Amino acid sequence: MSIRQAGTLPRTGAEARSIDRRQALLALAALGAAALPRLAVAEQPTTVKTRARIVIVGAGAAGLATASRLAASLDGARIILIDPRREHFYQPGFTLIAAGLKPVDYVISRTAEYLPPGVELIPEHVTQFDPDSQRVHTGSQAIAYDYLVIATGLALEYGLIEGMDAGLIGSHGVGSVYHGPQAAQATWRMMSAFVGQGGRGIFTRPATEIKCAGAPLKMAFITEDYLRRRGTRDKAEITYNAHNDALFGVPIVSEKVRMLFESRAIRVNYRRTLRAIDPARRIATFDTPEGLQDQGYDFIHVVPPMRAPQAIRNSPLPWQSGPWQAEGWVEVDPRTLRHARYPNVFAVGDVAGVPKGKTAASVKWQVPVAVNHLVSQIAGALPDAFYTGYTSCPLITGLGRAMLVEFDYRNNLTPSFPGVIAPLEELWISWVMETVALKPTYLSMLRGRA
């Protein structure tokens, strides 16, 4: 069954609807045509000869994309990628699994599929960063480097919520889209059960920086849409608990979301952060300006606090003051991704301490900048690339519609397809971008081609 209009009803069961292939191809062709004037013919890159030792810590999207670009740019370098994970997850797809739209295996592949020739993979955890001696330590060895790229991602801290751990996902009405593909599928089961019977649905957002800040909003929108489609909306109450006085970090987007929530009778509580959960009693306790407050629930979507991994937090690499100190984000120049105190160290992806940019789309723009500066330093040349904070959030607002929100450090909207995709409009074409077009672009990015 195809989704052509917002009113098309999904089927029960797996409820993973297929998009009409011809319409999808036409939409993608339109996007490509709109993008053509923005493209320039790229010169054939020349490689730089070097014997430099480059260590990349983390083989997620940022680490693999960095390895691919460095391998293509350097001749003779020893490039080492350190990460124990054998599986690679397409994390933007977690929300689609939690919405019942994609199977678990849609997001799972193997790290080795994207490893460039000549790049060495060490399947271990880095337990210590020592930038003063230019070494990283694993459980079995110390590895020296001339240049270090930190791409560890971040740590999901479910344990900072009293009574909560990842093992609860999929039971007692608890969902959480972030923990992995199986957790996303378990979230779908909990959400689908709630949609079938109604009750009280609670959606949360922690006070820390988080990856994909649109995901908590997407889950609220998707759940509300399913309630309407199954005819149980009048039996349900939905409450979104915002951690501050806004719903999104870009003011104009926040106001748009507020208006959409109001039109769909989604209640909003501001300055509410989840302190504790009692799954047996189905009670969530929130920090509020008035003190602790209990909220009962039938379904709760928990977004855990997030911070840099412990090995980063315990090193000299995080910010020493300012808004990114407490969570341990790496202290980098926001425009170059180069460390402020260690010029041979870079950080890309979620772990980078920059004002915006914890999305896969940000990685696509961050990695070429960091590689440009690293390679230029090796070659003794002046770099010519700078990161402006580009971040993209395909914000699903219902089944079959989404807003493609793109912005920079200054909260300017930066649409990639002006005249085709209006950034604050709920469009089917933006839905196609999220559910069809983004994954091939993402995989190309891992191989250094996007």
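The protein is divided into domain 1 (48–154 + 308–379) and domain 2 (158–305), with bounds that come from an automatic or database domain assignment. Taken over C-alpha atoms, the centres of domain 1 and domain 2 are 30 Å apart. The contact between them takes 20 residues from domain 1 and 23 residues from domain 2, where contact means heavy atoms within 4.5 Å.

This is a predicted model, in which local features need pLDDT of at least 70 and side-chain atom pairs count only at pLDDT 80 or more, while totals for chains, interfaces and linings use all residues. Residues are numbered from 1 along each chain as its sequence is written, and side-chain values use heavy atoms, with hydrogens and water left out.

Consider the protein as a whole. It has nine helices and 24 strands; helices (H or I, at least four residues) and strands (E, at least two) are DSSP runs, numbered from the N terminus. The radius of gyration is 22 Å, close to the 22 Å that the globule rule gives for 450 residues, so the protein is as compact as a globular protein of that length. This radius is taken over C-alpha atoms, and the globule rule is 2.2 Å times the number of residues to the power 0.38. Along the principal axes, the C-alpha atoms fill a box of roughly 65 × 50 × 35 Å.

Of the 450 residues, 55% count as buried. Buried means under 20% relative accessible area, exposed means over 50%, and partly exposed is in between (1.4 Å probe, protein chains only). The accessible surface of the protein comes to about 19000 Å², and 50% of this belongs to carbon and sulfur atoms. Such areas come from the Shrake-Rupley method with a 1.4 Å probe; for residues, only the protein chains shown count as cover.

Contacts also show how the chain folds back on itself. Among contacts between residues at least 6 apart in sequence, 65% join residues at least 24 apart. As for charge, the mean positions of the 48 positive and 39 negative charges are 5 Å apart. Lys and Arg count as positive and Asp and Glu as negative, while His and the chain ends are not counted. The place of a charge is taken as NZ of Lys, CZ of Arg, CG of Asp or CD of Glu.

Leaving out residues up to four places away in sequence, F129 touches V57, R135, V136, L148, I150, T152, A311, I312, S315, P316 and L317. F129 and R338 are 209 residues apart along the chain, and their C-alpha atoms are separated by 16 Å.

The loop between β8 (126–130) and β9 (135–138) holds Q134. Q134 is partly exposed at 29% relative accessibility. Most residues other than glycine have a negative phi. Q134 is not a glycine, yet its phi is positive, at about 55°. C212 is also not a glycine and has a positive phi of about 45°. C212 sits in the loop between β14 (199–203) and α5 (215–230), and its relative accessible area of 25% makes it partly exposed.

Another loop residue is R271, between β16 (267–269) and β17 (273–278). With 44% relative accessibility, R271 is partly exposed. Beyond residues up to four places away in sequence, R271 touches A242, H243, N244, D245, D287, T288 and P289. One of these, H243, is 28 residues from R271 in sequence, but the two are 4.6 Å apart in space, C-alpha to C-alpha.

Two helix residues remain. L260 is in helix α6 (residues 251–263) and is buried, with a relative accessible area of 7%. Apart from neighbours within four places in sequence, L260 is in contact with F221, T397, M403 and E426. From L260 to Q134 there are 126 residues in sequence and 50 Å in space, C-alpha to C-alpha.

R313 belongs to helix α7 (residues 310–313). Its relative accessible area is 25%, and R313 is partly exposed. R313 touches E157, R307, A308, P318, E327 and G328, not counting residues up to four places away in sequence. R313 and A326 are 13 residues apart in sequence, and 8.9 Å separate their C-alpha atoms.
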